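Okay, thanks for having me, everyone. Let me put the structure up, and then I'll walk through it.

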Amino acid sequence: RLKLPDALFTRISRNFRGSREIQAGAVAPVLRLGSFIAYTGMYVGIPFSSVLITQWNKSIFGLSVTFLASIPMTAELLATMLCSLLLLPVYRRMNLKLVFAVSTLISAAANFLCFFASSPEQLIILRFCSGIGFAGIKYSLNTIVSLGSLTPENTTDNLAALNAGLLGGITCGGTLGAVIASSINVHTSYLIAGVFIFAFAVAVLALSPWKLFRENSAESEKESSGSRFGALSLVVKPSFIRYALLVAIPMNVGLMFVVAFFPNFVGSLGLPDVTTSYGYLINGLVGIYVGPALLKSLSGKLGRTACVVISLLLAGASVLILNIDLPLVIVLVSVALLGLFDGFGTPATSDYYVNMPAVRKAGVSQGLAMLNVVGSIVQTFSPVLYSAILAGGNAGTNIMGFSFIAAAVLFIVTLRMDAEKKQRSGSLNQ
């Protein structure tokens, strides 16, 4: 597997254009670098929209400033969710390079313009535009995962690289944004975000093996026997419904724990504010370094289904241990487990998903786009869910923890029932 410096030199070597294997080997480093830069840029600005609204202390449509402060982020998530779903047919008909270039341009421009925003209305509109661009960026990265793979091992490596870069970007972006907002001003964080997204576009456009993507895209179109509705055809498939309900939704709820629950939970325990910073750092380091290493060592030995179950059990354990009466130590252990859950679980469950027959039939890139829609919906409403869990105290966290375990058990049971049903059907047809 190539490291980033190797990928840089490989990209300009004579062998790069002629060897599909060399091109495929360069995709994971590009995804790792690209997702790191992109998510650093996005998270430099995303969390601080509410701070800017509060600083302005202006109201529109009679809304309270407190409520209005949450609207820019909600508008951005809503735009990403809607465009991920509604623009799928448009993305499918466009050249991938064009989708990527236009999407990064929209996102970078929206962030640059946020630097000049002077009212809540302007900020909300621009964050919505940023969400439109980010939907195309997510689609492009998922498509690169698919079209940059020649073997299932390539797909696993690409998913792990994408997730590692994402985790690193979120960790660094939030920290960098906080430093910029406190030392300069919030507006400048948007300017830096635009610079990062522009740099992301340049890096991916320059380093990616676009010839390989075009060839694999043409081959997948010839070989595909899927519905003309692509990803939308998945919503009626029993295997997709099972995965969405028992894996995708719990996974995305768990991934929002550190963002939507952890800071408020730390505050409710009366722990020092620095605990939140330590938690973010531990969560990011475990997710980036330990998670992928664990996945590499276990995926070949245990199989994809077992890795999905382990992921859900990790989420359940990370929440249930909050019942132990050692607040400072336990909350840090909890976010460490959640980092492992993210670094191990996200690529493991994604790898299982892209190898589902229904997803392969619809097209892996289209299937990943549909999975992003589910994730965007869950993440949009997760803050409300976590507010209710926090209000419920130990009962709320216990219900959440056991829900993860129940999802793991139901996933195994329904898979076995489905296998037995197919076996009986096969016996009757013989």
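**A walk through the model**

Let me start with a cysteine: Cys114 has 0% relative accessibility, so it counts as buried. By buried I mean under 20% relative accessible area, with exposed being over 50% and partly exposed in between, using a 1.4 Å probe and protein chains only. Cys172, on the other hand, comes out at 37%, so that one is partly exposed.

Quick housekeeping before I go on. This is a predicted model, so local features need pLDDT of at least 70 and side-chain atom pairs count only at pLDDT 80 or more, while totals for chains, interfaces and linings use all residues. Residues are numbered from 1 along each chain as its sequence is written, and side-chain values use heavy atoms, with hydrogens and water left out.

Back to the cysteines. How many disulfides are there? With a disulfide taken as a pair of cysteine sulfur atoms within 2.5 Å, the count is zero. For Cys114, the nearest cysteine sulfur belongs to Cys129, and that is 8.8 Å away.

Now the overall fold. The protein chain has 21 helices and zero strands; these are DSSP runs, H or I of at least four residues for helices and E of at least two for strands, numbered from the N terminus. The radius of gyration is 22 Å, close to the 22 Å from the globule rule for 430 residues, so the chain is as compact as a globular protein of that length. That radius is taken over C-alpha atoms, and the rule is 2.2 Å times the number of residues to the power 0.38. Along the principal axes, the C-alpha atoms fill a box of roughly 70 × 50 × 40 Å. Buried residues make up 50% of the 430. As for contacts, meaning heavy atoms within 4.5 Å, take those with a separation of 6 or more: 82% of them are between residues 24 or more positions apart.

On to the inside. A nonpolar core here is a set of buried Ala, Val, Leu, Ile, Met, Phe, Trp, Tyr and Cys residues joined through side-chain atoms within 4.5 Å. The largest one has 88 residues, and Phe257, Tyr353 and Tyr386 have the most contacts inside it. Helix 18, residues 327-354, gives the most to this core, with 13 residues. There's also a second, separate core of 15 residues, which includes Trp56, Ile60, Ala69 and Ala117. As for Tyr353, leaving aside neighbours within four places in sequence, its contacts include Leu234, Phe240, Val359 and Met370.

Is Ser208 buried or exposed? Buried, with a relative accessible area of 0%, and it sits in the loop between helix 12 (186-207) and helix 13 (210-223). A polar atom of the Ser208 side chain lies 2.7 Å from the backbone oxygen of Val204.

Asn216 is in helix 13 and is buried as well, at 9% relative accessibility. Not counting residues up to four places away in sequence, Asn216 touches Arg20, Leu147, Ser149 and Leu150. Ser149 is 67 residues from Asn216 along the chain, yet their C-alpha atoms are separated by 8.6 Å.

Last one: Asn57, in the loop between helix 5 (49-56) and helix 6 (65-68). Asn57 isn't a glycine, but it has a positive phi of about 55°. With a relative accessible area of 58%, Asn57 is exposed.

Terms used. Polar contact = N/O pair within 3.5 Å; in protein donor to acceptor, adjacent residues only side chain to side chain.
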